[in-house]
Amino acid sequence: MREVDVGIITERVKTLCMEANFDLGQDVLDAFKGAKAKEESPTAIEILGQLEENASIARQEKVGICQDTGIAVVFVELGQDVHLVGGDLNGAIFEGVRQGYQEGYLRKSICHPFTRANTGDNTPAVIHVKVVPGDKVKLIVAPKGGGSENMSRVTMLTPAAGKKGIIEYVVRRVTESGSNPCPPTIVGIGIGGTFEEAALLAKKALLRPIGSENPDPELASLEGEILDRINGLGIGPQGLGGRTTSLAVHVNMMPCHIASLPLGVNIQCHAHRHKEAII
Ligand code: SF4
């Protein structure tokens, strides 16, 4: 059994909160560049250029990519041969979020649902823990913006809806979302499981690098078909027209109950932030 002090988890979460908010991934930057090369609309090209410049300023000056620095979503892959010592895991993660948002001058965006009173330190974080083989702890911090999260949905389709029903639902969701999720977006889709699992599959689908191929050829083809449909809508960057409404569509799938076809659609904005560390 390997002992890991939770103080290290606090330190890493703190750093990841700041890195994620300051430093947009190279895959997103490459996707902006690729989209710019394909765009015909001068406005869309201009906006994509501004997004590149914005990301560059955020990295150099260590300021948030967006004023909405997100709710901290933290994925933990906990090796089953790890014994955590020195405190509790949730508390350690919350402390890391608290310190990261304070030290990085990141906006605290979390409030009571009814009174809307701000909790003051961007906690609680949303934590997903999965126990895996091994003696390592993997942490992924993915700050999620409110505008794009608001446009996300879970629905329970009938089994007869099939692939066609899934495509129609996702395209309709993106159409109805318009400029609200700050396009160009990344669309995470979770198919199967249960009501809650479909949402989690969709959120995890966002973590796959943009430009990577889905290992399942049927899902890879589905992603391509949905992306073509979405980019034919003409919503474009920031909703001002163009070919680039989404940079990528990522699908995760698992088996489901014979009576169900759960579908999660998690829309991510251009501030596609996530960083990870392995302890
Ligand atoms: S949805 Fe994303 S880009 Fe838009 S305001 Fe929120 S974090 Fe910023």
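## Exercises on a predicted model

Helix H1 (residues 6-22) has 17 residues and spans 25 Å from its first C-alpha to its last, close to the 24 Å expected at 1.5 Å a residue. Keep in mind that this model is predicted.

**Exercise 1.** Find the buried residues of H1 and work out which elements they pack against.

*Solution.* Start with the list: Val 6, Ile 9, Thr 10, Val 13, Lys 14, Leu 16, Cys 17, Met 18, Ala 20, Asn 21 and Phe 22 are buried. Next, recall the helix geometry: an α-helix has 3.6 residues a turn, so residues three or four places apart point the same way. Finally, look at the partners of these buried residues, which include helices H3 (42-61) and H4 (89-103), as well as strands E1 (2-5) and E5 (137-144).

**Exercise 2.** Describe how H6 and H8 pack.

*Solution.* First, the geometry: H6 (residues 162-177) and H8 (residues 217-231) meet at an angle of about 40°, with axes 10 Å apart, and the crossing is right-handed.

**Exercise 3.** Is Lys 62, a residue with positive phi, buried or exposed?

*Solution.* Begin with the backbone: Lys 62 has a phi of about 50° although it is not a glycine. Now place Lys 62 in the loop between H3 and strand E2 (71-79). Its relative accessibility is 56%, and exposed means over 50%, so Lys 62 counts as exposed.

Terms used: Residues are numbered from 1 along each chain as its sequence is written. This is a predicted model: local features need pLDDT of at least 70, side-chain atom pairs count only at pLDDT 80 or more; totals for chains, interfaces and linings use all residues. Side-chain values use heavy atoms; hydrogens and water are left out. Axes are lines fitted to C-alpha atoms, for helices over the stretch in contact, and angles run from 0 to 180 degrees between N-to-C directions. Helices (H or I, at least four residues) and strands (E, at least two) are DSSP runs, numbered from the N terminus. A crossing is left-handed if the near helix is turned anticlockwise from the far one by less than a right angle, and right-handed if clockwise. The expected span of a helix is 1.5 Å times one less than its number of residues. Buried means under 20% relative accessible area, exposed over 50%, partly exposed in between (1.4 Å probe, protein chains only). Contact means heavy atoms within 4.5 Å.
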